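Open your viewer and get the selection tool ready. We will take a short walk through the fold, one selection at a time.

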Amino acid sequence: MTADALTFQQFSSPGDIDSRLRRALAECWVEVTNAGGAAGFPFPPVDVGTVTPSLDRIVDLLSPDTSRLLTATVNGELAGWLNVRRDSFELIAHWGTVHHVQTRTAVRGRGVGRALMQEVRRVARDEMGLEQLRLAARGGVGLEDFYGRLGWKEVGRWPGALRLAAGDDRDEALMILAPL
């Protein structure tokens, strides 16, 4: 992946997301989920109608102080996205949580996910004033190793927290990145 082919954009208001982008985000979410990705829907196949209500909730909560959507594009096409959120309650306002990290299957292995995670680290630290980031990842699919290579540390697990099918329970790995 060349630096000039990959661009980032962040969105911090519901009005920032036009219908074209909304459709691309939903299609990416469908593609990632149906390829077995841990992107919030445990029982594929899903379709745009399934993911749209969840996407709408993310978009509706966008705000410069508490929730931003970060996209990565390659040659003008959506390659991946994620959501970073913080709670405004003073006791915990110094950390944020990364949600729905996903990259299109066609660009996997080309550094898009890594670059997206590096960019969210910069945005969280430099623009949102956060000191640490947290995330929860589905155990057993290599995500712990991916995030570990980027400096994230596993701090715990919820054993069997995710039921993907009858008899298929997975741990949820709790991870932190600090300092940013």
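**First stop: helix α2**

The buried residues of α2 (buried: under 20% relative accessible area with a 1.4 Å probe, protein chains only) are in contact, with heavy atoms within 4.5 Å, with α1, β2, β3 and β4. Helices here are DSSP runs of H or I with at least four residues, and strands are runs of E with at least two, numbered from the N terminus. This is a predicted model, where local features need pLDDT of at least 70, side-chain atom pairs count only at pLDDT 80 or more, and totals for chains, interfaces and linings use all residues. Residues are numbered from 1 along each chain as its sequence is written, and side-chain values use heavy atoms, leaving out hydrogens and water.

Now select Val 51, Ser 54, Leu 55, Ile 58 and Val 59: these are the buried residues of α2. An α-helix has 3.6 residues a turn, so residues three or four places apart point the same way. At the start of α2, zoom in on Asp 47, where a side-chain oxygen comes to within 3.1 Å of the backbone nitrogen of Gly 49.

**Next: helix α1**

Select residues 19-34. Just after α1, find Gly 36, with a positive phi of about 95°.

Eight of the ten residues of β3 are buried. To finish, select Asn 83, which stands opposite His 99 in β4.

Technical notes
Buried < 20%, exposed > 50% of the residue type's maximum accessible area, 1.4 Å probe, protein only. Polar contact = N/O pair within 3.5 Å; in protein donor to acceptor, adjacent residues only side chain to side chain. Pairing = 2+ DSSP bridges.
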